[in-house]
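My entries follow in the order in which I made them.

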2 protein chains.
Amino acid sequence: MNNPVEMVEVWRGDMVESRHRGHAVVCDARGQVVAEWGDSGTVILPRSSCKMIQALPLVESGAARAAGLGPAQLALACASHQGAPVHVDLVRRWLSDIGRGENDLRCGAQPTRDKAERTRMVQAGEAPGQVHNNCSGKHTGFLTLAGHLGGGPDYVDADHPVQRAARAAFEDVTQQDSPLWVTDGCSAPNFATTLYGLARAMAFFAGARPDTGDARGRAAGDLVAAMLAHPMLVAGEGRACTALMQAMEGKVAAKTGAEGVFTAILPERGLGVALKIEDGATRAAETAITGILAHLGVLNRDHPTAATYLDAPVVNWRGIRTGRIRLAEGFA
Amino acid sequence: MNNPVEMVEVWRGDMVESRHRGHAVVCDARGQVVAEWGDSGTVILPRSSCKMIQALPLVESGAARAAGLGPAQLALACASHQGAPVHVDLVRRWLSDIGRGENDLRCGAQPTRDKAERTRMVQAGEAPGQVHNNCSGKHTGFLTLAGHLGGGPDYVDADHPVQRAARAAFEDVTQQDSPLWVTDGCSAPNFATTLYGLARAMAFFAGARPDTGDARGRAAGDLVAAMLAHPMLVAGEGRACTALMQAMEGKVAAKTGAEGVFTAILPERGLGVALKIEDGATRAAETAITGILAHLGVLNRDHPTAATYLDAPVVNWRGIRTGRIRLAEGFA
């Protein structure tokens, strides 16, 4: 077992004030490790970084086609969106299209992370709803699948047909039995795997195409194409997933997960990436994944977005730049 | 140089999802190390954990007495308050009493962290002001001292008499030359020291009494007494500093700092504590300092507040308890 490596430094003035360690691995569709930092055997929880895996049964079962879902809905099913009107409106319409309502969701109410919308809602005295939850697209996908597979209203129960299908897909694409599952922030089961298993799953997505292979492979191809076509739906304005995907011009899908996880799918290279910051810090995961994508040559270090994350400014309450977040010496 | 030790584990379901490492040291007024985890020689930025040091010149110069400041103002000078009405009203009155106004502050505008007040302000369309900044008490103290010492309006300049006095006091009580300074979140200089230096300074405060010793010692005694008398002014409702100080019934002062720093002053034991979480996480610093205070016997592990931080619940958007934050095996 290798120790985690120092990946990110938080500078203030002329000194490193904080450090973030982590594990990361890049592998190809055959499971060959192309690059590794720390220990790829570390068991992690992928959290939201594996939403495209959780969406596989929705597409491969035929439920998505039967419901007439297009790439926008598939991108939302893979999203940790910020609850901006564009996301919420699409979720509401999708729920209505499948004859469901917000009360059928099981993700819980979460305040929107869209600043203007949040101010508007507070001023209007509107309470946040389940549609504002960053996982509401994934959950509307679960509801769509539940309509197809059957089962009770509590589609987040681990033994519900929807979650049994999610687990089977997860273990198939990670090529590992999941040692345990936990309850995610949105109340759905989240399955543990090794970092290597998660990277291998991403490599499977990288090799998948919408028009070839078996139902699972075509479904994976559809989901990657949807993410690449709709980076704004996968997260939102100013968010790392969206900004990085836009900077890579539709060539790479990137997905954050809670507690410092990040995944990336590189279809042109046939590679999958999985990253976990040991302490769970999002700021570190964003800088580290940017470094890995630049290291792999799919993101230009000089692109303004890359530069923003590779040397992220720390600014104080008076707008003075007091520090920076950047890659640790020797990493990526 | 010892490596940082694992101090805090973040569990989700039945697994450790994230880990936090850190350094901590406890020492007495003679500088004897009573307990050490990791490396007490690590150079750190104390950030807000050293506000009582920055307030020393205000008191020892006689400026506080001349301005008629009482324990409430002194507690606010040491505070990272949450901008609740109780804090903001006191700062406004203090500014008025010394013939100054909000525009004389240099801490910058920060939204209040008091939920009800924040909602009220957003609904009323009121912009956050400098008085809402968590450091506005410290800065009003700086302004009070500037009125006494002279110097220009930019009292946060490193060569302003106020900051020269702060640095001299800092180097005196840490018993180390500060190798460098940075600009803090509130734009004031923040001086680097070793974790040991910071703990030694806290031990100096622990040994200080308002009615004995030299001017600096009496000033330190006044400041500790003020913090102990007004835990609600030092932070606010539901905040770790306030809750821990209340749980220890006026016997120990505790102070958080940005990027995972915590200090504690134990007057009855004559001990000072300094803690730095390597990755800068506040959640870890709160649990780790609670563990250290319990380890030292000044906080009962069964006290509801201690229990809350020693086994902090992680709850999801539907109110389901999905995990916990607790001390790492073998620490404290």
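I take buried to mean under 20% relative accessible area, exposed over 50%, and partly exposed in between, with a 1.4 Å probe and protein chains only. Helices (H or I, at least four residues) and strands (E, at least two) are DSSP runs, numbered from the N terminus.

This is a predicted model, in which local features need pLDDT of at least 70 and side-chain atom pairs count only at pLDDT 80 or more, while totals for chains, interfaces and linings use all residues. Residues are numbered from 1 along each chain as its sequence is written, chains are lettered from A and ligands numbered from 1 in the order in which they are written, and side-chain values use heavy atoms, with hydrogens and water left out.

**Entry: helix α7 of chain A**

I looked up α7(A), residues 136-149, which has 14 residues. From first C-alpha to last it reaches 19 Å, close to the 20 Å expected at 1.5 Å a residue; the expected span is 1.5 Å times one less than the number of residues. Of its 14 residues, 11 are buried. They are A:S136, A:G137, A:K138, A:H139, A:T140, A:G141, A:F142, A:L143, A:T144, A:L145 and A:A146. I found these buried residues packed against α1 (51-54), α2 (56-60), α3 (63-66), α4 (71-77), α5 (85-97) and α8 (161-174) of chain A; contact means heavy atoms within 4.5 Å. After α7(A) comes A:G150, with a positive phi near 85°.

**Entry: nonpolar cores**

A nonpolar core is a set of buried Ala, Val, Leu, Ile, Met, Phe, Trp, Tyr and Cys residues joined through side-chain atoms within 4.5 Å. The largest has 107 residues, of which A:M7, A:W37, A:I53, A:L56, A:F205, A:L275 and A:I292 touch the most other members. Helix α9 (195-207) of chain A gives the most to this core, with 8 residues. Apart from it I noted another core, of 105 residues, including B:L223 and B:A332.

Which residues does A:I53 touch, not counting those up to four places away in sequence? I listed A:A169, A:F170, A:V173, A:L198, A:A201, A:M202 and A:F205.

**Entry: second largest pocket**

On a 1 Å grid over the protein atoms alone, a pocket is an open set of points where a 1.4 Å probe fits, with protein on both sides within 12 Å along at least five of seven lines; lining residues have an atom within 4 Å of a point. The second largest pocket has a volume of about 680 Å³. It is lined by 31 residues, and the closest to its centre are A:W317, B:R47, B:R113, B:N134 and B:A258. β1(A) gives the most to the lining, with 3 residues.

**Entry: single residues**

A:T256 is in strand β8 (253-257) of chain A and counts as buried because its relative accessibility is 16%. Leaving aside neighbours within four places in sequence, I found A:T256 in contact with A:S48, A:S49, A:S80, A:C241, A:V261 and A:F262.

B:A165 lies in helix α8 (161-174) of chain B. Its C-alpha is 8.5 Å from that of B:Q54, 111 residues apart along the chain.

B:E259 is not a glycine, yet has a positive phi of about 65°. I placed B:E259 in the loop between β8 and β9 (261-266) of chain B; its relative accessible area is 14%, so it is buried.

B:A332 also has a positive phi, near 45°, and sits in the segment after β12 (321-327) of chain B.

How values were computed:
Points joined across faces, edges and corners; volume = space filled by probe spheres on them.
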